[in-house]
Amino acid sequence: MKGKILTVFKYLLFLATGVFLFWYLYRDMDMDFLMDNLKDIHYEWILLSVVVGFLSHISRAMRWQLLVNTLGYKPRFSNSFFSVMIAYLANLALPRLGEVTRPTIVKKYEDIPYTTSFGTIVLERIIDFLILFLLTAVAILSEYPVLKAFLHDNPDVYDKFVLIAKVGVIAFAAGVSGLVLFYFFIRKRINEYKFYKKLKEIILSFWEGVKTIRNLKSKSLFVFHSLFIWAMYFLSLYFCFLAFGFTEHLGVMAALITFVLGSYGMVAPVQGGIGAWHFMVIATLLIYSVDFDSGKFFALIAHGVSTLVVLAGGSVSLVLLPLFNRKKK
């Protein structure tokens with residue numbers, strides 16, 4: 001009971017944090033400014049942003065199929081795509097809920113063991129993080145002169161960045177040390193616990209899903225989809241850059257650094273990156289001399305476009321999933 005209460009409290013805290021941050025950023029939004037700028041948007045670029053957004057989700061479903069095919073399972077593409085879209089929709093309700101929802105769906109409709117499919121999804125996340133780190137390095141190195149000049153002109157921002165980095169390193173070191181000490185004290189008795197045997201069984205099944213990367217028959221196709229997914233993610237934001245008069249001149253690299261830093265906001269444990277993504281994007285646009293109000297307007301529309309893709313695709317998938325599986329008991 002206490003565990004459930006703690007979980008509910010944690011999610012409510014994350015939700016409240018995101019909502020508060022969103023409210024704090026937009027509490028004084030001028031509605032006249034909003035309506036005037038809506039008239040100036042180049043909506044053809046917004047439409048292209050929606051299209052490439054859907055293409056990224058299609059590619060993600062195809063990439064996941066490559067992993068489970070290696071394990072001997074042959075899920076239908078429709079179920080793979082529906083599970084991806086419903087997972088994104090679930091993440092709008094609770095952070096990381098999609099990682100639980102997706103393997104549940106494929107277990108029900110494709111008879112793929114939950115822990116195995118969950119392992120492949122974790123592998124996907126690992127690959128995605130590696131690509132994000134690579135993009136981060138490329139973006140920072142290419143835009144280093146711009147970032148250096150901004151930090152030089154804003155020493156208070158630099159001090160806060162250093163402080164956050166130090167706290168992160170200390171927290172990580174403390175967490176690893178705690179786990180090592182905990183294992184050291186219980187390592188002799190751990191085999192006596194029933195939960196350990198069950199946990200070991202789950203981890204082994206989970207590991208079967210993770211290690212599929214070694215046995216992939218189409219490694220080149222897997223690499224292609226992995227790069228294509230992130231290329232479409234980036235293009236979705238870049239097309240939004242081209243849709244606004246105050247960002248269309250900034251160029252590809254400015255869009256890339258905004259995309260990268262915004263992605264870290266999306267990774268934050270809040271529903272759909274609400275608040276956190278907006279904050280990161282607005283702060284990044286300030287580096288490129290986009291005023292605060294314009295940055296808020298851009299973040300609001302760009303995030304709204306990606307959320308609309310998820311809402312539309314996820315809602316339709318919820319309806320179509322049982323219809324496409326009517327013969328499935």
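**Exercise 1. Find which residues lie nearest the centre of the second largest pocket, and describe its lining.**

Step 1. Start at the centre: of the 38 residues that line this pocket, Tyr88, Tyr233, Ser263, Met266 and Val267 lie nearest to it. (On a 1 Å grid over the protein atoms alone, a pocket is an open set of points where a 1.4 Å probe fits, with protein on both sides within 12 Å along at least five of seven lines; lining residues have an atom within 4 Å of a point.)

Step 2. Next, look for the elements that give two or more residues to the lining: α3 (43-70), α4 (77-93), α6, α10 (219-242), α11 (252-267) and α13 (292-324). Helices here are DSSP runs (H or I, at least four residues), numbered from the N terminus. The largest share, 7 residues, comes from α13.

Step 3. Sort the lining by class: 20 residues are nonpolar, 13 polar and 5 charged.

A word on the model: it is predicted, so local features need pLDDT of at least 70 and side-chain atom pairs pLDDT 80 or more, while totals for chains, interfaces and linings use all residues. Residues are numbered from 1 along each chain as its sequence is written, and side-chain values use heavy atoms, without hydrogens and water.

**Exercise 2. Work out how helices α5 and α6 cross, and which residues meet.**

Step 1. The axes of α5 (residues 98-110) and α6 (residues 114-142) come within 9 Å and cross at roughly 135 degrees.

Step 2. Now list contacts (heavy atoms within 4.5 Å): residues of α5 including Glu99, Val100 and Arg102 meet residues of α6, among them Tyr114, Ser117 and Phe118.

Key. Axes are lines fitted to C-alpha atoms, for helices over the stretch in contact, and angles run from 0 to 180 degrees between N-to-C directions. Ala, Val, Leu, Ile, Met, Phe, Trp, Tyr, Cys and Pro count as nonpolar, Asp, Glu, Lys and Arg as charged, and the others, Gly among them, as polar.
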